[in-house]
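Open the structure in your viewer and keep the selection tool at hand.

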Amino acid sequence: MTTTGTGRPAVEGLRERKKRAMRRQLSDTAARMFLDRGFDAVRVADVGEACGVSEKTVFNYFPSKEALLLDRLEATADALRTHLPDPALTPVGAMLTILDDERDGLAEGLAADVDADRALAQYRKFGDLIRNTPSLRAYQSDIADRFVDIAAEALATRTGLHPDDPEPQIAAATLLGLWRVQFRALRAHVRPGHPLPDAIDAVAREVRRAARLAEAGLATFPAPAKPR
């Protein structure tokens, strides 16, 4: 695959496109099956069979059954690594960029469905599935903990501190608190019968209320380290 001078892929090759398409197919198929039949009633082998691949192939793409449903949270991890080290943004400003992008992406996906209430009902059902399945709740909690570690590492790079130092740790936990605020606000506001634009605006307002408090608390976070 051809790369740019930054080391990032310039053009995605056929093999990478096929792998990405298969990963998406497995995740989408699993989500439909879990929502229709319940998480515990569907085996990983059932998902593989529905996609024409073996159980082993599914596990080559996903480390666990839970990851089949919540794999797209990995995009948040990538965004944390991209935006939090940026010295042009405050830590809270970087986190708001991440949350705005996630919220806009969700709104765009829901708005694209011709049956708005059906799309919103499916979104609510997805949330109910996570809330009512202990293994999914535990997996989501583990991911949130890992996000704090990723955020602390990203913040440490801009300060010259170690990720385990108190400042990156408390800053990371505070920023991921905003992520949790958005998650809960989406749950509260995005529902059938409530206009989607109004719901998204309400979520944004709640996130920014919390962000103002976080910004005040992180005002003394160490400035970016100066080049030697």
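Rings of Phe, Tyr and Trp (its six-membered ring) pair if their centres lie within 6.5 Å; planes under 30 degrees apart count as stacked, over 60 as edge-to-face and the rest as tilted. Searching the whole structure by this rule gives three aromatic pairs.

Select Phe 147 and Trp 179: this pair is edge-to-face, with 5.2 Å centre to centre and 75° between the planes. Phe 147 is in helix α8 (residues 134–157) and Trp 179 in helix α9 (residues 166–189), so the pair ties together parts 32 residues apart in sequence. Helices here are DSSP runs (H or I, at least four residues), strands likewise (E, at least two), numbered from the N terminus. Both Phe 147 and Trp 179 are buried, that is, under 20% relative accessible area (1.4 Å probe, protein chains only).

The model is predicted: local features need pLDDT of at least 70, side-chain atom pairs count only at pLDDT 80 or more, and totals for chains, interfaces and linings use all residues. Residues are numbered from 1 along each chain as its sequence is written, and side-chain values use heavy atoms, without hydrogens and water.

Next, select Lys 65 and Phe 39. The charged end of Lys 65 sits over the Phe 39 ring, 4.4 Å from its centre; the rule is NZ of Lys or CZ of Arg within 6 Å of the ring centre and within 35 degrees of the ring normal. Then select Arg 23, which lies over the face of Phe 62 at 4.6 Å from the ring centre.

Finally, show the whole protein as a cartoon: 10 helices and zero strands.

Notes. Buried means under 20% relative accessible area, exposed over 50%, partly exposed in between (1.4 Å probe, protein chains only).
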